[in-house]
Amino acid sequence: MNKINLREVAKFLAGLITGDFLVGLWWMSTGNLPMNFLGWRLSNQTVSWWMAFDAILIAFLVYYAWVRKTKKRK
């Protein structure tokens, strides 16, 4: 897979992870935590760690997809 395709995949994944981050933000803002979701016990602390991981992953994907420049070979 060439680098252009990998960048397009990174853009798509950045959008998906951003949606995941927004779901965590929505759950924290509604005041419904702690709750059980698909057998998992979600508390404010669990969702905070989940959102922190998502933020780091989004930053990496955005850097790779949009910020990083390709090096031209001579």
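1. Glu8 is partly exposed, because its relative accessible area is 43%. In this predicted model, the Glu8 side chain meets that of Lys11 in a salt bridge, at 3.3 Å from N to O. Lys11 also counts as partly exposed, at 27% relative accessibility. An α-helix has 3.6 residues a turn, so residues three or four places apart point the same way. Side chains of opposite charge can pair when their charged atoms come close. With a cut-off of 4 Å between side-chain nitrogen and carboxyl oxygen, the count comes to one salt bridge.

2. Now the overall layout. The protein has two helices and two strands. From the N terminus on, the order is α-β-β-α. Helix H1 covers residues 3-30. Helix H2 covers residues 44-67.

3. The geometry of H2 holds up. Its 24 residues should span 34 Å at 1.5 Å a residue, and the end C-alpha atoms are 32 Å apart, so the two values agree.

4. Which residues of H2 are buried? They are Val47, Met51, Asp54, Ile58, Leu61, Tyr64 and Ala65. Note that Asp54 is on that list. In the protein, buried residues make up 22% of the 74 residues.

5. The largest nonpolar core has seven residues: Ala10, Ala14, Ile17, Ile58, Leu61, Tyr64 and Ala65. H1 and H2 are the elements that give two or more residues to this core. H2 gives the most, with four residues. Another core lies apart from it and has six residues, including Leu33, Met35, Leu42 and Met51. In soluble globular proteins, nonpolar side chains tend to be buried together.

6. Contacts along the chain deserve a look. Of the contacts with a separation of 6 or more, 63% are between residues 24 or more positions apart. Two pairs of residues can be checked by C-alpha distance. Val9 and Leu61 are 52 residues apart along the chain, and their C-alpha atoms are separated by 9.3 Å. Val23 and Val47 are 24 residues apart in sequence, with 9.8 Å from C-alpha to C-alpha.

7. Val9 lies in helix H1 and is partly exposed, with a relative accessible area of 37%. Val23 is placed in helix H1 too. Its relative accessible area is 33%, so Val23 is partly exposed.

8. What do Val9, Phe12, Leu13 and Leu16 form on the surface? They form a nonpolar patch, with about 360 Å² of accessible area together. Leu16 is in helix H1 and counts as partly exposed, because its relative accessibility is 47%. Val9, at 37%, is partly exposed as well.

9. The surface as a whole comes last. The protein exposes about 6,100 Å². Carbon and sulfur atoms supply 66% of that area.

Technical notes. Residues numbered from 1 in each chain as written. Predicted model: local features only at pLDDT ≥ 70, side-chain atom pairs only at ≥ 80, totals over all residues. Heavy atoms only, no water. Patch = residues over 30% accessible without salt bridge, like charges linked within 9 Å, V, L, I, M, F, W, Y side chains within 5 Å. Areas by Shrake-Rupley, 256 points an atom, 1.4 Å probe, with all protein chains shown as cover. Buried < 20%, exposed > 50% of the residue type's maximum accessible area, 1.4 Å probe, protein only. Expected span 1.5 Å × (residues − 1). Core = buried A, V, L, I, M, F, W, Y, C linked by side-chain atoms within 4.5 Å. Contact = heavy atoms within 4.5 Å.
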